[in-house]
Amino acid sequence: MNEHELTVVVLAAGGGTRMKSKTVKVLHPIAGRTMIGHVLAAVRTLEPHRVVAVIGHQREQVATHVRELVPDVVLAVQEVLDGTGGAVRVAMETSGTSRGTVVVATGDTPLLEGESLRKFVADHRAAEQAVSILSGIVADPFGYGRILRNDEGDVEGIVEEKDATPQQREIAEISSGILAFDAEFLVGALPRLTNDNAKGEYYLTDTVRIAREDGLTVGAFPIDDVAQTEGANDRVQLAEMGRELNRRIVTRWMRDGVTVMDPATTWIDADVKLAEDVTILPGTQLLGATVVAEDAVIGPDTTLKDCEVGAGARVVRAHAELSVIGDGAEVGPYARLRPGTILGTRSKIGTFVETKNAHLGDGAKVPHLSYVGDAEIGEQANIGAGTIFANYDGIAKHRTKVGRWFRGGSNNTFVAPVELGDGSSTGGGTVVRRNVPPGALAVSGGPQRNLPGWVPSKRAGTPQAEAAEEAHRGPGRASDDQGGGH
């Protein structure tokens, strides 16, 4: 270890009972990540030597999730939830940290940005302070620890809400709960914390008082954007924070060259990537790791999750997940692309079409009212309206292969496994059960038969029968009940 090492401790032991959920608070999702996922993303921008996560409630679930995001994380278990001081003591003991800088953050501040943390750490190191507090000025400081300053403006301590006097509760400068320490000081101060307070807990913020008693320097670094340090304690706050985070994400993309027709009805997750000149129409959700290339138009009323959309593609009133939409392709309206769908350049999935594990070659089209499951469709093929790829035999799924420049009639059923060769065709209403050779026309069923007089005989007296009888009489010949007799 050396004096320049940076350790970040993320506090994630609490259960968040006000969420009234079987899911621990820090694992609640917001903008495509968990709350702690946002915090860890900000922490990673610091490039710390180690990250220590303090876990307690639902430790197995939290540990698994944190390891997925930070594989080399150090996990410290807080067996007794005796306050932030106790949590950091466990973190320091587990990680063996004793030198360098230690930053303590909370796992429920999803608006926190890496740039803010970088500035905070830089200020702490430049001032060579024992303790630095990320502070802010708020209109309503209720619930926060207040920053106590002397007449010269120096920080003397932090008082928690429940321990504050009425006068101290009027202080507008609050502690965010995010602190930076000289590690050597922190190791010595933690055993000196007491739980002589209203909650009977060990407050990490009492280290400020200890530092002052030891004649060491303490500073507060005010952050202009205090919302970055706010946590969510219940579902109402989580929803409010979600709207604010989405507003920030949408605003950033608009400033980066994306047209968003109606920001109020557009939702974009944190990990989505958009190119310049993408257009997003009202009622659109771009979720997960979706990537959209330049000049694509998405919406209105469209949801894409973990999708890739090519340049110039058009997706309207559609729902797609784990799908690839090629350059210049068209999707919708009212289409559903299920996982495994891959659309080639300038291909088309049209109105009321559902696909699953289907690959369309360049220029291939499925324009109307079809289900395409487990299929490979060659370039420039055209699937007729109302076609069903019957991929399931009741036990296993099977694949259908359609060749290049195929032309299909309406109301077809392809019973997999089956292949339709390059340049082949099918007639309307055909059920394909055997392979179709290249260039062949496949038809099924016997020749059409007409049964004259069936309607007047079987449905006499109905409007249908009357219409048929009038047609047989021909134009200009009125029926007996329409007058004209003597």
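View 1. K356 comes out as buried, at 12% relative accessibility (buried means under 20% relative accessible area, exposed over 50%, partly exposed in between, with a 1.4 Å probe and protein chains only). D374 sits in strand β30 (residues 371-377) and K356 in strand β28, so the pair ties together parts 18 residues apart in sequence. Helices (H or I, at least four residues) and strands (E, at least two) are DSSP runs, numbered from the N terminus.

This is a predicted model: local features need pLDDT of at least 70, side-chain atom pairs count only at pLDDT 80 or more, and totals for chains, interfaces and linings use all residues. Residues are numbered from 1 along each chain as its sequence is written, and side-chain values use heavy atoms, leaving out hydrogens and water.

**View 2. R149 with E173.** Here the closest N and O atoms of the salt bridge are 2.8 Å apart. R149 lies in strand β8 (residues 145-149) and E173 in strand β10, so this bridge joins parts 24 residues apart in sequence. R149 is partly exposed at 36%, while E173 is buried at 11%.

**View 3. The inward side of helix α4.** In α4, G114, S116, L117, F120, V121 and H124 are buried. They cover an arc of only 155 degrees around the axis, which puts them on the same side of α4 (the arc is that of the directions from the helix axis to the C-beta atoms). Just after α4, E128 takes a positive phi of about 50 degrees.

Technical notes:
Salt bridge = Lys/Arg side-chain N within 4 Å of Asp/Glu carboxyl O.
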